Structures are given as C-alpha cells and as structure tokens.
Number of protein chains: 4
Amino acid sequence: MEDIVLKFKERPKLENTVLIEGLPGVGNVGKLAAEHLIDEIDAELFCEIYSIYLPPQVLVSEEGLAELVNNELYYKKDVGKDNIDLLILTGDYQGMTPQGQYQLTDKILSMSEDHDVKKIFSLGGYGQGEMVEKPDVLGAVTDEELIDEMEELGVVFSEEHPSSGIVGASGLLLGMGKRLYNINGICLMGETSGYFVDPGAARAVLKILVKSLGFEVEYDKLDDKAKEVESLTTKLKEMDPSTGMQQDTGKEDLSYIG
Amino acid sequence: MEDIVLKFKERPKLENTVLIEGLPGVGNVGKLAAEHLIDEIDAELFCEIYSIYLPPQVLVSEEGLAELVNNELYYKKDVGKDNIDLLILTGDYQGMTPQGQYQLTDKILSMSEDHDVKKIFSLGGYGQGEMVEKPDVLGAVTDEELIDEMEELGVVFSEEHPSSGIVGASGLLLGMGKRLYNINGICLMGETSGYFVDPGAARAVLKILVKSLGFEVEYDKLDDKAKEVESLTTKLKEMDPSTGMQQDTGKEDLSYIG
Amino acid sequence: MEDIVLKFKERPKLENTVLIEGLPGVGNVGKLAAEHLIDEIDAELFCEIYSIYLPPQVLVSEEGLAELVNNELYYKKDVGKDNIDLLILTGDYQGMTPQGQYQLTDKILSMSEDHDVKKIFSLGGYGQGEMVEKPDVLGAVTDEELIDEMEELGVVFSEEHPSSGIVGASGLLLGMGKRLYNINGICLMGETSGYFVDPGAARAVLKILVKSLGFEVEYDKLDDKAKEVESLTTKLKEMDPSTGMQQDTGKEDLSYIG
Amino acid sequence: MEDIVLKFKERPKLENTVLIEGLPGVGNVGKLAAEHLIDEIDAELFCEIYSIYLPPQVLVSEEGLAELVNNELYYKKDVGKDNIDLLILTGDYQGMTPQGQYQLTDKILSMSEDHDVKKIFSLGGYGQGEMVEKPDVLGAVTDEELIDEMEELGVVFSEEHPSSGIVGASGLLLGMGKRLYNINGICLMGETSGYFVDPGAARAVLKILVKSLGFEVEYDKLDDKAKEVESLTTKLKEMDPSTGMQQDTGKEDLSYIG
C-alpha cells in the first residue's frame with residue numbers, strides 16, 4: 001500500500017482557507033478543541049487518512065464496531081466576519097515515528113495549495129506538571145508580525161522557556177508550513193497539568209481561535225466534560241489527601257472522556 | 001529483495017471465499033485454532049510468504065532442519081453448507097513493526113480480489129489477566145448487521161471495554177479490509193489468561209467459526225493439548241501454592257506446545 | 001517529501017575547498033567551534049537542510065518564533081595563507097537513526113564534487129568522564145601521511161584507546177569521504193568531561209584547525225562562554241562538595257549556553 | 001546513497017564455490033574462525049560492503065587511522081581435495097535492524113549465482129551460559145541428507161533445544177539460501193560460555209569445516225589467543241573466587257582480542 005492513503009468522500013472547493021490542527025497530545029487539548037469546533041459549526045468530514053505511520057490497530061466501539069485508526073479532514077465554508085473557509089485536521093493518533101510525523105504533515109500541507117490555505121493554527125496543550133486553575137494560552141508563531149496580533153487576543157508569549165520546542169504535528173505544521181510551503185502559522189497551547197484530559201484548557205484555546213477568526217461558538221459540552229473531569233479529580237484527591245492525586249488510576253478512569 | 005516475497009506452490013482458483021487468519025498472539029489462540037482447522041479439513045499449503053518485516057531468523061526442528069520464518073496461506077474448496085472456499089493465513093510470527101504489519105496485511109488483502117474473498121474472520125485471544133474456567137468468545141465486526149448474526153452463534157459483544165482496540169493482524173485485516181478493500185470482517189477473541197498457550201480458548205473460537213460456516217470438525221487433538229497444558233499448570237500451582245502460578249517457568253515449559 | 005530537502009539561498013562557486021563539520025555532540029564541542037568560526041570569519045549561510053531524519057520538531061525562540069530544526073551550510077571564500085574556500089556544516093541536531101546519519105552525510109558529500117572539496121575536518125568532543133583542566137586535542141585521520149602534519153600542530157594520536165570508534169557525522173564524514181568519495185579527512189576531538197557544554201574544548205579544537213588552515217581568529221566570545229560555564233560549575237561544586245557535581249541540575253542550567 | 005554499496009577491488013571468476021560466513025556474534029566464534037581461515041589460506045579481499053544498515057561509525061586503529069565499518073568478501077581458488085573455490089564473508093558488524101539483516105544477506109546471496117555457489121557454511125557460537133571445557137560443535141542444516149554427512153564429521157544434532165532458532169546472518173544465509181536461492185547450507189555452532197570471545201570454540205568449528213572441505217590449516221595463532229583469554233579468565237576467577245567470574249570487567253578486557 002501507499003505509505004499514506006487518502007479516501008475522499010467529497011472534493012470541496014475551498015478559498016481563503018485557514019487550516020486548523022487538533023490531534024492527540026498533552027492533555028488531549030488540541031483534539032478536544034478541534035472536535036468541539038467541528039461539532040459546533042457542523043463541519044463536514046470529506047477525507048479520511050490511513051497510513052502505515054499510524055498504529056497497526058482498529059478501535060472498537062461500545063457496540064463492537066471496529067474502525068481502522070485514522071486522521072480526518074473536515075471543512076466548513078464561509079465562516080466568521082471574513083467569510084473564510086476552514087479546513088480542520090483531527091484524528092485518533094499522530095504519526096508513530098519521526099519519519100511518519102514528517103510525511104503525514106507534508107501530505108496535509110501538499111493539499112494546502114489546492115485548498116488555498118492562507119494561515120495555519122495548530123492547537124495543543126502545554127504541560128505544567130501541576131494543576132492549573134485558570135489556564136493561559138501560550139503562543140508560538142512563524143512571523144514576528146503575528147505576535148502583536150495574537151497578544152491583543154490574550155495569547156501569552158512567555159520568555160520563561162527560551163529554548164524549548166514544539167514536538168509533533170503542531171510543531172511541524174508551523175515549521176514545514178513556513179519553510180517548505182511559505183504559509184504562516186500560529187501554535188496555541190493551553191496550559192494544563194499534563195495528568196488528565198483537559199476540556200478547560202481546550203476551551204481556553206478555542207476561545208482565542210474563534211475570536212481571531214471572527215465568530216463565536218457555544219462551550220456547553222466542553223464545560224460539561226470539564227465538570228466531569230473535575231468531579232473525578234476531586235474524588236481522587238479525597239481518596240489520597242496526602243498527595244492530592246493518584247496518577248495512574250486517574251489517567252485510566254479519565255482517558256475515555258476525550 | 002522485495003519487502004515481501006510470495007512463493008507459490010500452486011495457484012488455486014477460489015470462489016465465494018472466506019479468509020481466516022490465525023497468527024501468533026495472546027495465548028496463541030488464533031494460531032492454534034487456524035492450525036487445528038487446517039489439520040482437520042486437510043487444507044492445502046499453496047503460498048509461502050517471506051518478508052523483511054518478519055524476524056531475521058530460522059527456526060530449527062528437533063532433527064536439526066533450519067526453516068526460514070514465514071507466514072503461510074492454505075486453501076480448501078467446497079466447505080460447509082454453502083460450498084464456500086476457505087483461504088487460511090497462519091505463520092510463525094506477525095510483522096515486527098507497524099509498517100510491517102500494514103504491508104503484510106495489505107499483501108494478503110491485495111490477493112483477495114483474485115480469490116473472490118467475501119468475508120474475513122480473524123481469530124485471536126483476549127487476555128483477562130486471570131485464569132478463565134469457561135472461555136467466552138468476544139466479537140468485533142465491521143458492519144452492524146453482523147452483530148445479530150454473531151450473537152445468535154453465542155459471540156459476546158461486551159460493553160465492558162468501551163475504547164479498547166485490537167492490535168496487529170487481527171485488527172488490521174478487519175480495518176483495512178473494510179476501509180481499503182470493502183470486505184466485511186469479524187474478529188473472534190477467545191477469553192484466556194494471557195499467561196499460557198490456550199488450546200481451550202482456541203477450541204471455543206473455532207467452534208463458533210465452523211458453526212458460522214456450516215460445517216463441523218473434531219476437537220480431540222486440541223482437547224489433548226488442553227489437558228497437557230492443564231496438567232502442567234496444575235503442577236505449577238502445587239509447586240507454589242501461595243500464588244498459584246510460576247509465570248516465568250510456566251511460559252518456558254509450555255511455549256513449545258503450540 | 002524528499003527524505004532530505006535542500007533550500008538554497010545562494011549558489012556560491014567554491015574552489016580548493018575545506019569542508020568543516022561541527023554538529024551537536026559530546027560537550028557540544030564541535031557545534032560551539034563551528035559556530036564561533038562562522039561568527040568570527042563572517043561566513044555566509046547559503047543552504048538549509050531539512051529532513052525526515054531530524055527530530056519532528058520546531059525550536060521556539062525567546063520571542064516566540066518557531067523554526068523547523070535543520071542543518072545549515074555556510075561558506076567563506078579566500079581564507080588563510082592559501083586562499084582556500086571554506087564550507088562549514090552545523091545544525092540543531094544530527095540524524096536520529098543510523099540510516100539518517102548515513103543519508104545526511106552522503107547528501108553533504110555528494111555536493112563536495114561541485115564545491116571542489118579537497119579535505120574534510122570534523123570537529124567534536126572526547127568525553128573523559130572527569131573534569132579536564134587543560135584539554136588535549138585528539139586526532140584521527142584517513143591517511144597515514146596526515147598524522148605527522150597534525151602532530152606538528154599539537155594533535156595527540158593516543159594509543160590508549162585501541163579499538164574505540166567515532167560515531168555519527170564526525171565519523172561518517174571521514175569514513176564515507178575516504179571510501180565513497182576519495183577525500184581525506186581529519187577528526188579533531190577536544191577532551192571534555194562530557195557533563196557540560198565545553199567552550200574551552202571548542203577553543204582548543206578551533207585553535208588547531210585555524211593554525212592548520214593558516215589564519216587566526218579571536219576567542220573572546222568563547223572565553224566569555226567558558227567563564228560563564230566555569231562560574232556555574234563552581235557554584236555547583238560548592239552546593240555539593242562531597243561529589244563536586246550535581247549532574248542533572250547542571251546540565252539543565254547550562255544547556256542553553258551553547 | 002544506495003542502501004548497500006559494493007566496492008570491488010577485483011572481479012574473481014569462481015567455480016564450484018563454497019560460501020563461508022563468519023560475522024560477529026556469540027563469543028565472536030564465527031568471526032574468529034573466518035578470520036583465522038583467511039589468514040591461514042591467504043585468501044584475497046576483493047569486495048568491501050558499506051551500508052546504511054551498519055552502525056554509522058568509523059573504527060580507529062591504534063595509530064589513529066579511521067576506517068568506515070564494513071563487511072568484507074575474500075576468495076581463494078582451488079582449495080582442498082576437490083579444488084573448490086572459497087568465498088568468505090566477515091566484517092565488523094552485522095546489520096543493525098531486521099530489514100538490514102535481510103537486505104545484507106540477500107545482497108550476498110544475489111552474488112552467489114555469478115560465483116557459482118554450491119553450498120553455504122555459516123559459522124557461529126552457541127551460548128551455554130557456563131564455562132565449556134571441551135566445546136562440541138552443534139549443527140543445523142537445510143536438507144536432511146546433510147545430517148549424516150555432518151554427524152560423521154563429529155557435528156552434534158542435539159534434541160535438547162527443540163524449538164530454538166538461529167538469529168541473524170548465520171540463520172538467514174541458510175534460510176534465505178534454501179528458500180529464495182535454492183542453495184543448501186550448514187550452520188556450525190561452537191559451544192561457548194557466551195561471556196568471552198572464544199578462540200577455542202572457533203578452533204572447534206574451523207576444524208570441522210576444513211575436514212568437510214578436505215584440507216588442513218594450522219591453529220597456532222588461535223591457540224595463542226585461547227591461552228591469552230584463559231590466562232585472563234583465570235585471573236578473574238582468582239580475583240573473585242566466590243562467583244568465579246567478574247563479567248563486566250572481563251568483557252571489557254577481552255573484547256579487543258578478537
């Protein structure tokens with residue numbers, strides 16, 4: 001088989017497009033944000049991506065239906081103040097190897113000319129290693145001019161982490177987009193503990209994104225998920241007041257919420 | 001060399017075919033079931049599969065004969081009530097890398113058009129982490145309509161494991177079969193401890209399979225193997241009554257039975 | 001994407017060229033030396049190398065600018081007593097896999113004919129496992145005749161380590177340069193503890209290099225960095241006089257200096 | 001670069017050829033035997049094999065000369081009672097990945113038609129996990145008829161290890177030689193502790209090999225190496241009489257003897 005197989009359900013004609021990425025990662029922040037956005041604006045699935053770089057696995061639903069792991073592309077036309085089109089990437093997993101990360105990202109970017117992609121937003125979490133009450137959204141950009149624009153929306157460009165990097169699809173879409181495809185990009189990273197899936201951080205990230213794009217969405221479902229997680233983490237604290245956390249158990253119990 | 005090399009001994013013309021997979025895995029359940037089936041219906045080896053994705057190794061028989069590790073395809077024509085043809089995949093190992101798993105599975109599926117494959121059964125074990133008295137057979141399918149059909153045969157579609165997956169050939173044959181080749185499939189997983197090779201679980205899986213395909217086989221040899229394993233595990237329990245198990249020793253002693 | 005992508009900013013015409021490599025490695029000695037040389041002689045960046053063999057990552061600057069990790073080629077014409085041209089290779093990372101190391105090195109060497117490369121210097125550190133007061137520069141060469149030449153410059157050809165090897169780009173440039181491209185090479189390895197980035201060892205290596213090429217550079221900036229590291233390691237010794245070292249903390253504090 | 005690069009120094013015309021493999025492995029038995037044979041019969045190096053599947057490394061001699069790691073092919077014409085030609089494979093390392101093992105072995109075998117290879121001997125060690133006073137030579141073959149022939153020469157076909165395998169080049173040359181190139185082969189494995197390089201086991205293996213091929217060699221140099229190892233292991237036993245062995249130290253001290 002080809003290393004990456006695209007199965008198109010539809011061939012939308014997109015213009016003046018913003019590419020948004022939300023794949024699994026720290027706190028599952030990016031994936032939660034992208035999936036919530038897809039739900040709220042009723043974006044359309046038009047392309048499934050299967051690849052030898054993804055785990056050799058099917059996921060099985062509660063009813064017993066097996067689905068080959070994949071990445072998915074959704075679109076929505078005429079969104080926000082400027083009638084932009086959105087192209088949204090989400091999925092079950094990121095590429096499992098460095099080569100897989102590069103090739104999957106390149107496949108997405110190679111479609112960007114056809115889809116008239118003008119800007120890229122990659123969404124993710126920033127693990128702080130401790131519980132975060134009110135998550136900031138940290139930023140990284142490919143062009144200095146984007147810093148002011150993002151700071152006005154509340155994005156924090158921290159000097160605390162001088163030489164840190166962004167690993168995986170969120171980083172590569174920015175870096176390869178800029179260097180190999182000449183498209184500018186912004187990475188929005190919601191602060192999160194890194195121990196649990198974090199719908200609260202996803203909300204913070206999404207709020208900045210939609211403000212930047214000039215439209216609004218509801219957050220009820222994300223808020224419900226956040227409450228569910230909070231209730232579970234509170235229970236865990238009560239079970240083990242000394243450490244305030246039972247990491248392993250917690251992870252297992254919460255992992256399916258995302 | 002090519003990544004995957006097929007050595008044909010014969011080119012059978014198959015029609016109305018069911019593909020059955022039983023490669024090594026948890027409790028060796030799938031491999032035991034497939035090999036027993038091959039023996040009982042006297043299926044014919046027609047294709048050996050060698051590959052850089054398999055371990056770089058020969059196996060040596062008791063007499064001292066070295067054989068390059070491989071996968072094998074067997075066939076049997078006009079089986080059961082509907083005179084279906086069977087295509088059975090078994091082998092020494094599964095692919096050692098994700099890429100290898102994908103490519104080996106794709107090679108099998110790419111032959112399915114020629115062989116008129118209409119349905120896929122992948123056989124495996126489901127590790128419960130504790131001894132299983134009477135193994136259920138859990139199921140996963142690629143199409144909702146298959147659930148009823150399988151439940152009537154006694155397959156359990158459990159809601160206990162909502163987001164679990166099936167890794168390896170058993171999963172990929174279903175997922176890739178459905179998405180890339182448009183063939184439906186059923187995975188039958190026999191409950192097993194996961195500590196020993198489990199001819200009992202293999203029998204449970206095989207019983208469902210042949211009922212579904214409308215024929216019968218004897219189970220004497222599987223029953224003999226099951227007794228042999230049981231006798232050894234009982235001895236182990238006696239040796240160490242506190243834990244009831246000496247895992248490492250047990251594994252070594254029993255591994256050659258399969 | 002291609003496994004290795006070259007982005008040329010300029011296509012210099014080089015003659016009578018010496019290729020100098022300083023990529024990250026033990027004590028970051030080679031990279032520090034190459035970067036200092038580039039600064040001092042004002043060498044020009046003319047080619048960026050992106051590759052699936054590098055980590056799938058962007059680095060983020062203090063201001064928040066994301067840059068795809070890469071290797072870089074610089075040049076400087078008419079240097080030293082013989083008006084040689086220099087081709088200097090440095091970068092963020094070495095290839096992450098053996099295959100990546102081979103292919104990235106081969107890509108550099110395959111450009112060497114066009115650039116009339118006559119000799120290769122690879123720069124690195126030699127980890128001694130203990131603090132080194134006054135670092136020697138150890139050597140390895142691809143041709144016996146180069147030994148005398150290098151010994152006259154003060155390079156040590158030690159018999160202490162009979163069967164040791166040089167792993168990575170510094171080794172491959174020599175070995176592949178000689179065997180596959182018929183270009184001789186010299187590896188200069190500055191003694192270093194291996195625990196910290198080591199501008200002092202970089203200075204020692206660079207001093208031999210420029211003497212060999214017949215020109216001089218200032219070392220003020222390397223000396224400043226060396227003092228900064230020394231001051232930090234001294235503090236660490238005071239914090240933990242028993243061991244004289246707090247490795248993990250030290251590494252983290254010093255890693256950004258390079 | 002090509003995955004595997006052959007550099008020919010000469011293109012010998014071989015007939016009625018026996019291929020002998022002795023690459024690094026357990027106790028370095030195969031490599032010691034092959035190198036001793038090359039020395040004793042004065043075989044000629046005619047092909048160097050470089051590959052991305054070998055470690056990305058140069059080895060450095062005592063004098064400071066760097067050599068890219070490789071495999072090497074030697075030949076000797078008109079050897080023994082039947083005037084056979086010998087093709088001998090040895091080298092610094094085996095392939096580092098399963099794929100590398102397969103491709104390197106296939107490259108050797110693909111040359112076998114040109115060189116009229118009629119039979120393959122792969123040489124190696126069989127780790128017993130304890131000191132071996134008088135090493136037997138265990139055998140594995142690709143054809144039943146070879147068993148009698150080898151038993152007459154003193155090779156042991158043990159039933160002790162029913163389902164064990166032979167991993168790496170020694171196994172693949174047999175398995176791929178038989179299945180993909182239709183050439184029969186014999187693996188000779190000298191019993192060894194597995195803790196040290198073992199010139200004694202190499203001698204035992206070589207003695208069988210040359211008897212089978214109908215000629216004789218001297219063993220003085222192997223005997224000297226064996227005494228050197230014995231003297232060192234005896235010292236180690238004296239240093240630690242309780243265990244009789246200081247594994248880590250021992251390994252380091254002895255590794256360069258091979």
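**Notebook: a predicted four-chain model**

I began at A:Val205. Leaving aside neighbours within four places in sequence, A:Val205 is in contact with A:Val29, A:Ala33, A:Leu123, A:Val137, A:Leu188 and A:Gly190. I count two residues as in contact if their C-beta atoms, placed from the backbone, lie within 7 Å. This is a predicted model: local features need pLDDT of at least 70, side-chain atom pairs count only at pLDDT 80 or more, and totals for chains, interfaces and linings use all residues. Residues are numbered from 1 along each chain as its sequence is written, with chains lettered from A and ligands numbered from 1 in the order in which they are written.

**Core**

I looked up where A:Val205 sits. The largest nonpolar core has 279 residues, and A:Val205, B:Val205, C:Val205 and D:Val205 have the most contacts inside it. Such a core is a set of buried Ala, Val, Leu, Ile, Met, Phe, Trp, Tyr and Cys residues joined through C-beta atoms within 7 Å. Buried means 20 or more other C-beta atoms within 10 Å of the residue's own; exposed means 12 or fewer, and partly exposed lies in between, with C-beta atoms placed from the backbone.

**Helix 1 of chain C**

Next I checked helix 1 of chain C, residues 29-41. Helices (H or I, at least four residues) and strands (E, at least two) are DSSP runs, numbered from the N terminus. Helix 1 of chain C has 13 residues and reaches 18 Å from its first C-alpha to its last, close to the 18 Å expected. The expected span is 1.5 Å times one less than the number of residues. Because 10 of its 13 residues are buried, helix 1 of chain C is largely enclosed by the rest of the structure. Among the buried ones I noted C:Lys31, C:Glu35 and C:His36. C:Asp42 follows the helix, with a positive phi near 55°.

**Strand 7 of chain A**

I then turned to strand 7 of chain A, residues 84-91, where 8 of 8 residues are buried. In a regular strand the side chains alternate between the two faces of the sheet. Here A:Ile84, A:Leu86, A:Ile88 and A:Thr90 point one way, A:Asp85, A:Leu87, A:Leu89 and A:Gly91 the other, and all are buried.

I looked up its partners. Strands pair if DSSP finds at least two bridges between them. Strand 2 (residues 17-21) of chain A pairs with strand 7 of chain A in the parallel sense over 5 bridges. Strand 6 (residues 71-79) of chain A pairs with strand 7 of chain A in the antiparallel sense over 7 bridges. A:Ile88 stands opposite A:Ile20 and is also the bridge partner of A:Tyr74. Strands 6 and 7 of chain A form a hairpin with 4 residues between them, and A:Gly80 in the turn has a positive phi of about 75°.

**Sheets built across chains**

I found an open sheet of 3 strands in the order 5(B)-4(B)-10(D), with antiparallel pairing. Its edge strands are strand 5 (66-68) of chain B and strand 10 (165-167) of chain D, each pairing on one side only. Neighbouring strands are turned by 30° on average, direction ignored. Strand 4 (residues 57-60) of chain B meets strand 10 of chain D over 3 antiparallel bridges. There B:Gln57 stands opposite D:Val167. Helix 4 (residues 169-181) of chain D packs on this sheet, touching strands 4 and 5 of chain B and strand 10 of chain D, at about 75° to strand 5 of chain B. For angles, axes are lines fitted to C-alpha atoms, for helices over the stretch in contact, and values run from 0 to 180 degrees between N-to-C directions.

I also noted a sheet ordered 10(C)-4(D)-5(D), open and antiparallel, with 3 strands. In it, 3 bridges join strand 4 of chain D to strand 5 of chain D, and D:Leu59 stands opposite D:Glu67.

**Chain B against chain A**

I checked this interface: 29 residues of chain B are in contact with 20 residues of chain A. Helix 2 (98-110), strand 9 (137-141), strand 10 (165-167) and helix 4 (169-181) of chain B each give two or more residues to the chain B side. Helix 4 of chain B gives the most, with 7 residues.

**Symmetry**

Last, I looked up how the copies relate. A rotation of 90° with 0.0 Å of shift along its axis superposes chain B on chain D, RMSD 0.0 Å. That is the relation of a four-fold axis. Superposition is by least squares on the C-alpha atoms of residues with pLDDT of at least 70 in both copies. B:Thr97 comes closest to the axis of all chain B residues, at 7.7 Å (C-alpha).
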